[in-house]
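Please look over the model below before reading the numbered points. Each point takes up one topic.

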Amino acid sequence: MEVLGSLNSKDGPKHRPLTPLRIIRGILCLLVILATAFMMLVYCAPVTTLALLLFGRRYSRKLSSFLFGCWLALWPFLFEKINKTKVVFCGETIPAKERVLIIANHRTEVDWMYLWDLALRKGRVGYIKYVLKSSLMKLPVFGWAFHILEFISVERKWEVDEPVMHQMLSTFNDREDPLWLALFPEGTDFTEQKCLRSQKYAAENNLPIMKYVLLPKAKGFYACLEAMRSSLDAVYDVTIAYKHRCPFFIDNVFGVDPSEVHIHVRRIPLKDIPTTEEESSVWLNESFHLKDKLLSDFTAEGHFPNPGTEEDLSTFKCLVNFMFVITITSIFTYLTLFSSSWFKVYVAASCAYLASSTHFNFRPLPIPTFVKSIFCGKHSD
């Protein structure tokens, strides 16, 4: 039985050596992902926005989820097939077609990317949305993608974030729209210093003292529950651990770490979660106390309970998806560089739209909704 070191170690030896070949391969993979993201965004985002305006959110989301879900599927392909990272799913086997809120621990900066591996297996990779810090919206190209995919950006100041979250959550209530909404209640990634501050606060306030997770912040969790309780099927309590070193983003790109990612999933029906803010806060603290115990046992035993709940990704399907994305990206690139100058104008206009709408967090209303709001406004007057 393997005994692991500290779960939060980011400074230990890398699992695989950083060779020149890995550097070249990693740079090529990152360039492919950036190029495909850019071309798909500038050509497809205006189309999905037009679908939103003309036909409503449901059809816009279906189109976006297919197009950009194909791009998101490149990441699990990189992690599991190119980098040969072993992803082990444990705990409960979950249904494929539920609307859920996901709560996960936050070990390092790439935790949220490994949720795509689970979502891809359940046919939900294009429908997963995250609550994430607003600074990530400033990333080149990726920030545009996060905006189009309807991620909720927060400043981590509740007085600022509350109206933004309520406005976005109000658009996620249609039960006909597939949805996985992912939230990291700790609010930041885990470090020893943050853990010591969290433990001090817990001791002063008679709360559970935990070693492998931080005390969760309940306001965002309760806001999500309150806004969408009637349209959700369950909460997925996800716990993530790494062997043998927590990776940084660049470790994933070059394929040097991690050697294994273990993802434990616990499904909680909505009826089992309290409805008041105070009780739901207690429930969330208890859930993170359970996560802490799971991670403690993982440190000692090297695995979570009941591993092997999901099958490996199909290499054939990954390659077909990769070829599809590369083909349409090649077509878009050819049109931009070698076809009519009108395509260059389209790309420039699309870039201007994506940059401005992401910066100002602008999201157009569907025409039917806009017209209805006008008439309702006049009626109330």
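1. Strands count as paired if DSSP finds at least two bridges between them. Ile103 has Leu183 as its bridge partner in strand 5. Helices (H or I, at least four residues) and strands (E, at least two) are DSSP runs, numbered from the N terminus.

2. How to read the values. This is a predicted model, in which local features need pLDDT of at least 70 and side-chain atom pairs count only at pLDDT 80 or more, while totals for chains, interfaces and linings use all residues. Residues are numbered from 1 along each chain as its sequence is written, and side-chain values use heavy atoms, with hydrogens and water left out.

3. Strands 3 and 5. Strand 5 also runs parallel to strand 3, with 3 bridges between them. Here Ile128 has Trp180 as its bridge partner in strand 5.

4. Side chains of strand 5. Which way do the residues of strand 5 (residues 180-183) point? Trp180 and Ala182 point one way, Leu181 and Leu183 point the other way, and all are buried. Buried means under 20% relative accessible area, exposed over 50%, and partly exposed in between (1.4 Å probe, protein chains only).

5. Salt bridges in general. Side chains of opposite charge can pair when their charged atoms come close. A salt bridge is counted when a side-chain nitrogen of Lys or Arg is within 4 Å of a carboxyl oxygen of Asp or Glu. The whole structure has 17 salt bridges. Arg61, Lys129, Glu150 and Asp177 are linked in a network of them.

6. Glu80 and Arg121. These side chains form a salt bridge at 2.8 Å, N to O. Glu80 lies in helix 3 (residues 74-82) and Arg121 in helix 4 (residues 111-121), so the pair ties together parts that are 41 residues apart in sequence. Both Glu80 and Arg121 are buried.

7. Glu310 and Lys122. The closest N and O atoms of this salt bridge are 3.0 Å apart. Glu310 is in the loop between helix 10 (277-301) and helix 11 (315-338), and Lys122 is in the loop between helix 4 and strand 3 (128-133), so the pair links distant parts of the chain, 188 residues apart. Glu310 is buried at 17% relative accessibility, and Lys122 is buried at 11%.

8. Lys291 and Asp237. A salt bridge of 2.5 Å, N to O, joins these side chains. Lys291 is in helix 10 and Asp237 in strand 6 (residues 234-243), 54 residues apart. Lys291 is buried at 0% relative accessible area, and Asp237 is buried at 3%.

9. Cysteines. How many disulfides does the whole structure have? A search finds 0, a disulfide being a pair of cysteine sulfur atoms within 2.5 Å. For Cys29, the nearest cysteine sulfur is that of Cys318, 13 Å away. The sulfur of Cys90 is too far for a bond, because the closest cysteine sulfur, in Cys246, is 16 Å away. Cys29 is buried, at 16% relative accessible area, and Cys90 is buried at 0%.

10. Annotated regions. The unreviewed UniProt entry gives "transmembrane region" for residues 23-56, 63-79 and 319-337. UniProt positions follow the numbering used here, feature names are shortened, and annotations may be inferred rather than shown by experiment. In the model, residues 23-56 are 97% helix and 0% strand, with end C-alpha atoms 44 Å apart. Residues 63-79 are 94% helix and 0% strand, with end C-alpha atoms 26 Å apart.
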